[in-house]
Every structure is written in structure tokens, then in C-alpha cells.
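I opened the model today and kept notes on what I looked up.

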Amino acid sequence: MEQNKNQSQTQTSLPHSPFTQPIRCIVKLGGAAITCKSELETVNEEILQKVSEQLRQAMIAPSEKPPGMDWSKRPGGSEICCNPEEFVDHSAMECSPFIVVHGAGSFGHFQASKSGVHKGQLNKPLVKGGFVATRISVTTLNLEIVRALAREGIPSIGMSPFSCGWFTSERHVSSADLSSVAKAIDSGFTPVLHGDAVLDEIQVETQCILFYCSLFINNGNGIFKLVCFQGCTILSGDVIISHLAVYSKPKYVVFLTDVYGVYDRPPTEPDAILLKEIAVAEDGSWSVVKPKLQNSIELTVAAHDTTGGMKTKISEAAMIAKLGIDVYIVKAATSHSLRALNGDLRSSIPDDWLGTVVRSLR
């Protein structure tokens, strides 16, 4: 709850929204779904291709597949496929305004956890090296996802938070240049952001004047607040989506995962129960509406996961739902995920739909 409070305060202090047109949907591609988490830096090609196909079906009106936009040489290939004549019909290029954000999966987490990037202390050589290694890994995955979407005819543009001016303060988003995302959408592109290593600042209150420090803020009672970059942290895709939702006000948000939704315990355990609906109160607290549970919920985080796992996902989904935006958590590359991406669940949730909806009590 304290984390939600801090994030809300940070978000409301940021500038007005740069988005000039309504966003239909923000989609989170879960790292566990689009990569093979047990194999270092390995994309799950089958799932990624299916997810890209479903996104194309949800975003582009014509039933006919538009021309591909990945004109780069593929590994093992000998030619670059490009036919300019396919682009004569501009109607095939019109996409609904979506924003895509993806996790890292088997990319980035290893480098971050081994070097301690998520703990800060950028002055340490190991952390600085890990920061570089983490960004190389996650941007490599970002390129693969952008290319997969482009092959489906989606005009996707990779946008790294570090390069686009995202910063955190004590691991909460303190500033983010959303104008680049908004301008990309206004120009007809689909922004593809990702969890990233970013610079983090920490504020220290002191009554001592430290002559080697360059930035002090006097809070009026003789206590000076020193603002300095203490290092770095990992900005998760879930937090990015929550921040984007505040300003872009999408009609709905979809989290694509490797399981059917949120369970009352790890889904690998016997008798794990799928939570069909979670209601969020005005104070950000949440409760399970369907089904009625008698036991407590156990949310776990994998040892190598530096972003908070399912706990962070639920927390950020609740923050989005507080805005009056429905959030659907569903297994990627299934008929259930396609219905969520299409917006078919906004009026009512069919009994045969497998997934978790997080929505406001209001």
C-alpha cells in the first residue's frame, strides 16, 4: 500500500498528458510467455509469432494481412524480402492506437541479478558492467519483438525507457518523456517499450552543508534535501504500463502471460484456483470477487526475477483499475487472449473465458 501511495504522489506531480488521441489498448507481453525462461536469452518463436498475429488481427481492420516491414536479413536467410508494390494500398497500413510493452523473461534478468543492478550502487565496477550488459540483453529482445510485429504488417517502433528519458527516484518513476511515445502514435506507429535498466536518484535529508554536493533543496525548516543519482535500478514493464495508463487513458489493458491468469497459489501446485475477477477499492486495496475463497492467497517471486513478479503485476493492475480502466490478465496465444485484445470482454465476461479481470468497484 505504501508503494502505491508513493507512486500515486509521483505520478500526479508530473506534467500534463502529451497524448492527443485516445489509446485503444496497452498490451504487456509477459517475459515468461514470449521467451523460454529456462534457456538463457532464448525467444519462444512459436508463441511470439502467434501473439504478433493476434495483435495484428486486433489492430488492423482488413482481414487480409498487410505487407511485412522487416526488410532485414534473417539468420540463416540469404535474401531481404521487400516488394514496394505491396504498399500501394495505404488502407492496409491503418492500425488502431495500441502501445506494446514487454518484459525481459530469459533476457536481462540474469545479468541484472548477477551484478546487482536492481540494488543500485552504480559506482561499483560490477554494477556498471552489469548495467551495460542488462541493456544489451533487453534491447536485443526488444528488436526481436519489433521485427516479429513488423513481419505481421504492424508499424512497430522500439523505444527504450533509458534512451527516452525515464528516471526513477528511490525506485519509483520520477520523470518520463512521454512525448516521444505520443508523437510516435500520432505518426501512425506502434511504440514497443520494455523493462529496462535506468538511472535512479535518492533524496537525503541533512542539516549539514556538504561542500562537494551541487544540488540542495531547502524545504523551509532548515533541513536541506540533497538530490543525487545514487545509481540505478530495474524499471519493470508492469510499472511502465501503470505510468503510461495514467496519461494515455487506454480503453483497456491486457497482460499476456504464460498461465491463464492469477491463481490463489502457484499454478503448478495441485488444486490451484484461477481468480476470475478482482475488485479494486478507491484506496487501492483489492479483493477477490470470483470465486469466493476461504484460504489466503500466496503470491511468489522467482529468485532470479528482479522486477517483483506477480506481486508487482497485481499491484500495478490495481493502480490501473483505480483509474476506471479494466485490466485483463490472460494466457498468451490462446483464443482467450484474442478476445481480450479485441476488446470483446468490455461489456461482460463470458463464463467460458479463462483469465483474470481486475476492475474498479466504482
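Is the crossing of α3 and α9 left-handed or right-handed? I find it right-handed, meaning that the near helix is turned clockwise from the far one by less than a right angle. This is a predicted model, where local features need pLDDT of at least 70, side-chain atom pairs count only at pLDDT 80 or more, and totals for chains, interfaces and linings use all residues. Residues are numbered from 1 along each chain as its sequence is written, and side-chain values use heavy atoms, without hydrogens and water.

I then looked up the geometry. Helix α3 (residues 45-59) packs on helix α9 (residues 335-342) at about 35 degrees, axes 9 Å apart. Axes are lines fitted to C-alpha atoms over the stretch in contact, with angles from 0 to 180 degrees between N-to-C directions. Helices are DSSP runs (H or I, at least four residues), and strands are E runs of at least two. Q54, L55, Q57 and A58 in α3 meet S337, L338, L341 and N342 in α9 (contact: heavy atoms within 4.5 Å).

Next, α6 (residues 179-186). V181, A182, A184 and I185 are buried (under 20% relative accessible area, 1.4 Å probe, protein chains only). The buried residues of α6 pack against β2 (98-102) and β6 (190-194). Just after α6, G188 has a positive phi of about 90 degrees.

Last, rings. I searched the whole structure and got four aromatic pairs (centres within 6.5 Å, taking the six-membered ring of Trp). W71 and F87 pair edge-to-face (planes over 60 degrees apart), at 5.8 Å and 80 degrees. Y252, Y328 and W353 form one aromatic cluster. Both Y328 and W353 are buried.

Methods
Buried < 20%, exposed > 50% of the residue type's maximum accessible area, 1.4 Å probe, protein only. Phe/Tyr/Trp six-rings, centres within 6.5 Å; stacked < 30°, edge-to-face > 60°.
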